[in-house]
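Biologist: Please set out the conventions for this entry before we discuss it. Which definitions come before anything else?

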Amino acid sequence: MTLGSKLKNMRQAKNLSQSQVAEKLHLSRQTVSKWELDKSIPDLESLKMLAILYDFSLDELFNLAKVKEDNMTYLTEEALLSLMIKKISEKETSSPEKIQFLLANVIQPLKEKMQLEKVYYFALQKQVSSILIHEPVKTTLAKEYLQLFLDDASDFYFFTGEGIIYCNIISFLQEKSLTFYPYERLKYLCVGRLYDKISIKEHNSPALGIYANDRSFYNHLQIKNEDLTPLIYFFTHLQKTQDKFYLLEDFGLFTFHRKWEKKQF
């Protein structure tokens, strides 16, 4: 839809004629007509007056939210692989062998299974294979991963433009098992401290809380301080998460969840 068409629709929604708009803006009717026919563009002062008259934001008029979303920086394949290895190994070091394994057995299969294109953030919940009571390691591929990544059996989270892809790495390598949570299916996403600041001083790291609409999924992921800014930027600029996201300042994730369940929001 063109700018002129948007202005015409907004005027009609307010039950105003071109002459009435022109009178309120101290302009000629022909000027308003040219705007709506896309023969000219309102200057900044006129746009401000139209925003007040039609009750809209410039973001809405020019679809700036979509522009901001399109301009968000996503992880290249190389950057994603490097970040995955860093978080899995908890080190900066990588190797061609590790890179090739993740590319061939995680990234490429995800692309085929989920049409994975843009990943904006990657997180994992660290755990080791010894706790996988219900997931015996039985395939050569999973055993190779455990040997390569020192017994890691973490849960992986890929944050895309459409939703969150979640999988346990061992389950994925053995059965290609994963779950996709579209942002529309989430009750909330929140970032804050785990506990209320006044109650616990130690082990109170930043975390991300995720809660699904059908209550089938609730989790919190501890995140590092350096990840806070890019993660908050992502959730506040992606249109599908803007009305789902809460930045917690007065209390922690656990208190927030209890209040949410009691409908205190």
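Modeller: Helices (H or I, at least four residues) and strands (E, at least two) are DSSP runs, numbered from the N terminus. The model is predicted: local features need pLDDT of at least 70, side-chain atom pairs count only at pLDDT 80 or more, and totals for chains, interfaces and linings use all residues. Residues are numbered from 1 along each chain as its sequence is written, and side-chain values use heavy atoms, with hydrogens and water left out.

Biologist: How many helices and strands are in the chain?

Modeller: The chain has 265 residues, and 44% of them count as buried (under 20% relative accessible area; exposed is over 50%, partly exposed in between, with a 1.4 Å probe and protein chains only). Of the contacts (heavy atoms within 4.5 Å) between residues at least 6 apart in sequence, 62% join residues at least 24 apart. The chain contains 12 helices and 8 strands.

Biologist: Which elements are included in what covers the buried residues of H12?

Modeller: Helix H12 spans residues 253-261, and Leu253, Thr255, Phe256, His257 and Trp260 are buried in it. After H12 comes Lys263, with a positive phi near 55°. The cover of the buried residues of H12 includes strand E5 (186-193), strand E6 (206-212), E7 and strand E8 (245-247).

Biologist: Which element provides the largest share of the lining of the largest pocket?

Modeller: A pocket is an open set of points on a 1 Å grid over the protein atoms alone, with protein on both sides within 12 Å along at least five of seven lines, and a lining residue has an atom within 4 Å of a point. The largest pocket holds about 450 Å³ of space, and of its 17 lining residues the closest to its centre are Lys87, Leu124, Gln222, Ile223 and Lys224. Two or more lining residues come from each of helix H7 (77-89), strand E1 (119-125), strand E7 (218-222) and helix H11 (225-237). The largest share, 5 residues, is that of E1.

Biologist: How many charged residues does the lining of the largest pocket have?

Modeller: In this classification Ala, Val, Leu, Ile, Met, Phe, Trp, Tyr, Cys and Pro are nonpolar, Asp, Glu, Lys and Arg are charged, and the others, Gly among them, are polar. The lining of the largest pocket comprises 7 nonpolar and 3 polar residues, and the number of charged residues is 7.

Biologist: Which helix gives the most to the lining of the largest cavity?

Modeller: A cavity is a set of grid points where a 1.4 Å probe fits but cannot get out; points are joined across faces, edges and corners, and a volume is the space filled by probe spheres set on the points. The count is 1 cavity of 30 Å³ or more, and the largest cavity has a volume of about 30 Å³. Its lining consists of Leu7, Val32, Trp35, Glu36, Leu50 and Tyr54, that is, 5 nonpolar residues, no polar residue and 1 charged residue. Helices H3 (29-36) and H4 (44-54) each supply at least two of the lining residues, and the helix that gives the most, with 3 residues, is H3.

Biologist: Where is Asp38 found?

Modeller: Asp38 is not a glycine, yet its phi is positive, about 60°. Asp38 is partly exposed because its relative accessible area is 41%. Asp38 is found in the loop between H3 and H4.

Biologist: Is Ala51 buried or exposed?

Modeller: Ala51 has its place in helix H4, and its C-alpha atom is 9.8 Å from that of Met10, 41 residues away along the chain. The relative accessible area of Ala51 is 14%, so Ala51 is buried.

Biologist: Where does Lys176 lie?

Modeller: Lys176, a residue other than glycine, has a positive phi near 55°. Lys176 counts as partly exposed because its relative accessibility is 30%. Lys176 lies in the loop between helix H10 (169-175) and strand E4 (179-182).

Biologist: At what angle do helix H8 and helix H9 pack?

Modeller: Axes are lines fitted to C-alpha atoms, for helices over the stretch in contact, and angles run from 0 to 180 degrees between N-to-C directions. Helix H8 (residues 96-114) and helix H9 (residues 140-148) have axes 11 Å apart and pack at an angle of about 145°.

Biologist: Which residues of H9 make the contact with H8?

Modeller: By class, the contact of H8 with H9 has 5 nonpolar, 1 polar and 3 charged residues. H8 contributes Glu97, Lys98, Phe101, Leu102 and Asn105, and the residues of H9 are Leu141, Glu144, Tyr145 and Leu148.
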